[in-house]
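Please look through the sequence and the 3D view below before reading on. The briefing starts with the whole chain and then moves to single elements and residues.

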Amino acid sequence: MNGVNEMNGQEKSAYQYLLTLVRLQREEPDRAVSLEAVSNEFGVNRSTVLRALRRYREDGTLDERYRLTPQGEGWLNSENQQVYRLEGFLKEHQIPEAQIRQDSLTIIKNCSRETAMLLSNMGYMCNSCRRYVSAGANKWSSLSGEEFLEKCGDRLQPGEVRVMVLFRREQGEGLKERSMASEGFERTGTLRLSKGQGELVLERKMLSHQSLMGKWYEGNARMVEYESSGCWEPIHIQGDRVSIPLNAFWITYREDQEKLRGMTRLRMACSAGPEAMKQSSALLEFRVWK
């Protein structure tokens, strides 16, 4: 247990060193910020900071000059969004102000990516959170994905954003979350935006299913299509990545584009064959809050 706590403490310190380094660089963009400046803020040796930041050099977050790479910028923006949302959620539930920042950072750094994303979105999914329900309630618009890109494409911030994805199955007149498709994809996806276009990238994973005859099968999504004007259009699959164009979705968004949701209908078949899992459809939804 002590080893786990020590590892988590080291990861948290490394993250705090990284945030401080980025802050100092942004405060003085024309000057090369030294690691000594970071170590001085925390009262530790330069070698401690150097050792902690090594992981960010190795994974491509920082370059050889200890500046954020484009990949690092995208990753840190996503992390900051999650921390910001968690801070708002904790504040709404009257967590002491002095604890909010540190608690939010601790949650983000000590949970899995999927759990951190889910927790950071709790404020938007919980109907009891009056601040999120009332704020901007009358400022939402809805358009087809194609119309949305034509109207708002030039205003979209280019880059990648991690998003929650929900698979729902139709049941009577309502919608029930957790279609079987939920087991075949990661619970987070990547929304890639560029000027006038975008796509949602999902990650496939293997799923297991027991047939009515009691036999177990294992497979993944072999064929994926989206519904468009009553027809089914094929979706590109490369490796385990499934790329769905943004114009496949019905987009609901707030006019300031701080909040955006998309929904489309997918039809899928499994590589294990129809005996294991029949071809079926599900509603896919993604949510973005900045």
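The chain has nine helices and 14 strands; helices (H or I, at least four residues) and strands (E, at least two) are DSSP runs, numbered from the N terminus. This is a predicted model, in which local features need pLDDT of at least 70 and side-chain atom pairs count only at pLDDT 80 or more, while totals for chains, interfaces and linings use all residues. Residues are numbered from 1 along each chain as its sequence is written, and side-chain values use heavy atoms, with hydrogens and water left out.

**The chain as a whole**

- Of the 290 residues in the chain, 42% are buried. Buried means under 20% relative accessible area, exposed means over 50%, and partly exposed is in between (1.4 Å probe, protein chains only).
- The accessible surface of the chain is about 16200 Å², and carbon and sulfur atoms account for 47% of that surface. Accessible areas come from the Shrake-Rupley method with a 1.4 Å probe; for residues, only the protein chains shown count as cover.
- Among contacts between residues at least 6 apart in sequence, 59% join residues at least 24 apart. Contact means heavy atoms within 4.5 Å.

**Helix α3**

- Helix α3 covers residues 46-58, which is 13 residues, and reaches 18 Å from its first C-alpha to its last. This is close to the 18 Å expected at 1.5 Å a residue; the expected span is 1.5 Å times one less than the number of residues.
- α3 bends by about 30 degrees at A52. The bend at a residue is the angle between axes fitted to the seven residues ending there and the seven starting there.
- The buried residues V49, A52, L53 and Y56 are in α3. An α-helix has 3.6 residues a turn, so residues three or four places apart point the same way.
- G60 follows α3 and has a positive phi, near 85 degrees.

**S39 in helix α2**

- S39 lies in helix α2, residues 35-42. S39 is buried, with a relative accessible area of 3%.
- Leaving aside neighbours within four places in sequence, S39 is in contact with V44, N45, R46 and V49.

**Aromatic pairs**

- How many aromatic pairs does the structure hold? There are four aromatic pairs in the structure. Rings of Phe, Tyr and Trp (its six-membered ring) pair if their centres lie within 6.5 Å; planes under 30 degrees apart count as stacked, over 60 as edge-to-face and the rest as tilted.
- One of the pairs is Y17 and F42, which is edge-to-face because the ring centres are 4.9 Å apart and the planes are at 80 degrees. The pair links distant parts of the chain, with Y17 in helix α1 (residues 2-27) and F42 in helix α2, 25 residues apart.
- Y17 is buried at 7% relative accessibility, whereas F42 is partly exposed, with a relative accessible area of 34%.
- The rings of F249 and F286 have centres 5.0 Å apart and planes at 85 degrees, so this pair is also edge-to-face. F249 is in the loop between β11 (241-245) and β12 (250-254) and F286 is in strand β14 (residues 280-289), so the pair ties together parts that are 37 residues apart in sequence.
- F249 counts as buried at 2% relative accessibility, and F286 counts as buried at 0%.

**Y66 in a loop**

- Y66 is found in the loop between α3 and α4 (70-92). Y66 is buried, with a relative accessible area of 14%.
- Phi of Y66 is positive, near 60 degrees, although Y66 is not a glycine. Most residues other than glycine have a negative phi.
- R57 lies over the face of Y66, 5.1 Å from the ring centre. A charge sits over a ring if NZ of Lys or CZ of Arg is within 6 Å of the ring centre and within 35 degrees of the ring normal.

**Residues in strands**

- V161 lies in strand β2, residues 159-171, and is buried with a relative accessible area of 14%. V161 and T190 are 29 residues apart in sequence, and their C-alpha atoms are 5.6 Å apart in space.
- A221 is in strand β8, residues 221-228, and is buried at 8% relative accessible area. Leaving aside neighbours within four places in sequence, A221 is in contact with F185, R204, I237 and A269.
- Q197 is in strand β5, residues 197-203, and is partly exposed, with a relative accessible area of 48%. Not counting residues up to four places away in sequence, Q197 touches L149 and R192.
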